[in-house]
Every structure is written in structure tokens, then in C-alpha cells.
Amino acid sequence: MNSGRPKERLFRGGGGTYDDSVPLPQPPPWRRPRPEEETCRRRPYLIGGKQVEVVNAALRLRRPLLVTGDPGTGKSSLAHAVAAELGLGPVLVWPVNTRATLTDALYRYDAIGRLRERQDGTDDIGSFVRLGPLGTALATRHKGRPRLLLIDELDKSDLDLPNDLLFVLEEGEFTIPELARLPEEQAEVAVHVQGSQEKVRVQQGTVRCQDFPFVVITSNGEREFPAAFLRRCIRLELPKPGRAQLEGIVRAHFAEDIHELETQWARVQDLIKAFTDRRELGGLATDQLLHAVHLLQQGVQPEAEHLREAVLRELRSGGAR
């Protein structure tokens, strides 16, 4: 880690010309692309023992895990940590918004593309059906293990969507009407899945899971869910990490530079204290603390007021400025 001496500016803002002799510094470890074979590996994730027990209860019961908590407490990251540790393959992600529908998550059918193909004298309907993240989670496994589906920010959805999910999550199957209407001689159709070139075979238009996927649902608490939906979920509230946990998170994320980190640990602790103080006033995400530590590692002074306002700015309006 740097001794704290300010680094020469990369961008000067004076209209200068490009100098290819000046290298750009390495980004933080979690912002570096990984080789394809390492795509399932994620940055370190630390969680309390009680929260681990709740996650394991959901795994054993194979019930959806509904994760709530303030922004930046690691709700989405938890799904990636579970998938990486248990070898469940790349996480299938369904980012929910106000326009999201259950059908979007199950499958997409390219009716126009198929019509053009039929006009050319061929008709392979399976080539025009692609399973969405939820459909893929039901239809596929990863090396004999169930898939993990992250339904991110379900509280942003239309009011009816949580109830629409109930049957699929309970029964582990759904029907694709476009395939169910095919004649008997076309009862088996190979369709595309999300995230790979793999195809799966669908019988009589119905996708049935071989193994219930592990489903992680996140919510920022913007609204309540129906009781019938909540009854089918295991609920986990992620608390804000305390100072000791934040120190562990920083050490884990900068493990490659742990010796250099230790040489400036006093300044890192000052950053953690400033982070926890400001978090109570307006809400901060743990990522913001990691960003500040990385700037410190680069020889930048994140404590400077203008950088503190840029990097450690509160997420909620009304926080201290």
C-alpha cells in the first residue's frame, strides 16, 4: 500500500494530449475481469453466524430465501456467495422492475422470427423459444446440482407478481402454450436456455424441474408482500455490519495486499470510523467503504472533503452533507 504520498493526477483537466507512457493503475480486485473458468468465483462475503443458520434452513427446506435490509448490506452478493461456495454454477439473475411479468422470467417466444422461417419452408419452433432466468433455473442443473436464481428487488414489481410466482415456485413447473398446442408428433421440442448454448428438451409444452432450484429474493422494503407469499419464504433480515465485521470485510477484499494494508491499518480504521458515523446519519453501502480504502491504497486521500462527498455520500436524502 502507498505511504500516503499523493499520486500524480491521471486526468489533469487542462486539455493536454494523450501520453501512452503513463499507465493506468489497476482497478480494485472486484472490478477486474476473471477468466471464463473462474466466472463462478466471487469476491469475499462475510456474514454472521445467525444469518448463516437461516440461509442453511432455506437450503435444507429448498424454500425461497427472502432477504431484506438496507441498500448496501449485501443482499444480492449473498446469492453469489452461496452459489460459489456450494458449486451451483453461475447465478441466474432476474432483475425486477415495474414492467416485469412472470412470462418474461419463464420464457420468450420469437413469433416474428418463426413466421419468417415458415415462409422460407422450414419450421423449427424450438429455435425461437428461449427460457428466461426462472425457466432456466427450473429446467437445468449444474454438474448434478440445482441452480441458484436471484430475483432482485421484487418489491419494485407490480402488485400481482408475487402471487403469480406462487404456483411456479410451489409446483416447480410451467407450460409454454406455443409448444403445448403442437401436434403429437412434435410433442418433444429442444429449446434454448439462458446463459449458454445448451438446449433442453420440453415434453408436451411443459417444463418440469428435476430438482427445485435455490431461490434468493431481495427486497429493499418498499412495500409489503402478500401473506400467502411470505408463508412460503424463509425470511432473512441482513443487519448493517458492525465495526469488527467491516474490518474483516476490508481484510478479505484486500487479501492480496494484506501486508501493505497492515502498514496503514491506523488510517484504514479511521476510515471505518468515519464510515460508520456517516452511515448512521444518512445510510451508506459497504461498497463505498471499500472504494475509499482502495483510493487510500492508490495514494489518494479519501478523507479530503470533496472526495468524501463523492465516495462516501449518503444514499438517502436528508443525510448530513
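These legends accompany close-up views of a predicted model. Residues are numbered from 1 along each chain as its sequence is written, and side-chain values use heavy atoms, with hydrogens and water left out. Because the model is predicted, local features need pLDDT of at least 70 and side-chain atom pairs count only at pLDDT 80 or more, whereas totals for chains, interfaces and linings use all residues.

**View A. The largest nonpolar core around Leu131 and Leu134.** This core holds 41 residues, of which Leu131 and Leu134 touch the most other members; a nonpolar core is a set of buried Ala, Val, Leu, Ile, Met, Phe, Trp, Tyr and Cys residues joined through side-chain atoms within 4.5 Å. Helix 6 (residues 161–171) supplies the largest share of this core, five residues, helices (H or I, at least four residues) and strands (E, at least two) being DSSP runs numbered from the N terminus. A second, separate core of 19 residues includes Ile249, Phe254, Trp265 and Ile272.

**View B. The salt bridge between Arg62 and Asp211.** The closest N and O atoms of this pair are 2.9 Å apart, where a salt bridge is a side-chain nitrogen of Lys or Arg within 4 Å of a carboxyl oxygen of Asp or Glu. Arg62 lies in the loop between helix 1 and strand 1 (65–68), and Asp211 in the loop between strand 11 (206–208) and strand 12 (214–219), so the pair ties together parts that are 149 residues apart in sequence. Arg62 is partly exposed at 28% relative accessible area, and Asp211 is also partly exposed, at 21% (buried means under 20% relative accessible area, exposed over 50%, and partly exposed in between, with a 1.4 Å probe and protein chains only).

**View C. The salt bridge between Glu188 and Arg201.** The side chains of Glu188 and Arg201 meet at 2.5 Å, N to O. Glu188 belongs to strand 9 (residues 188–192) and Arg201 to strand 10 (residues 199–203), so the pair ties together parts that are 13 residues apart in sequence. Glu188 is partly exposed, with 38% relative accessibility, while Arg201, at 56%, is exposed.

View D. The structure holds zero disulfides, a disulfide being a pair of cysteine sulfur atoms within 2.5 Å. The sulfur of Cys233 is 16 Å from the closest cysteine sulfur, in Cys209, which is too far for a bond. Cys209 is buried, with a relative accessible area of 19%, and Cys233 is buried at 9%.
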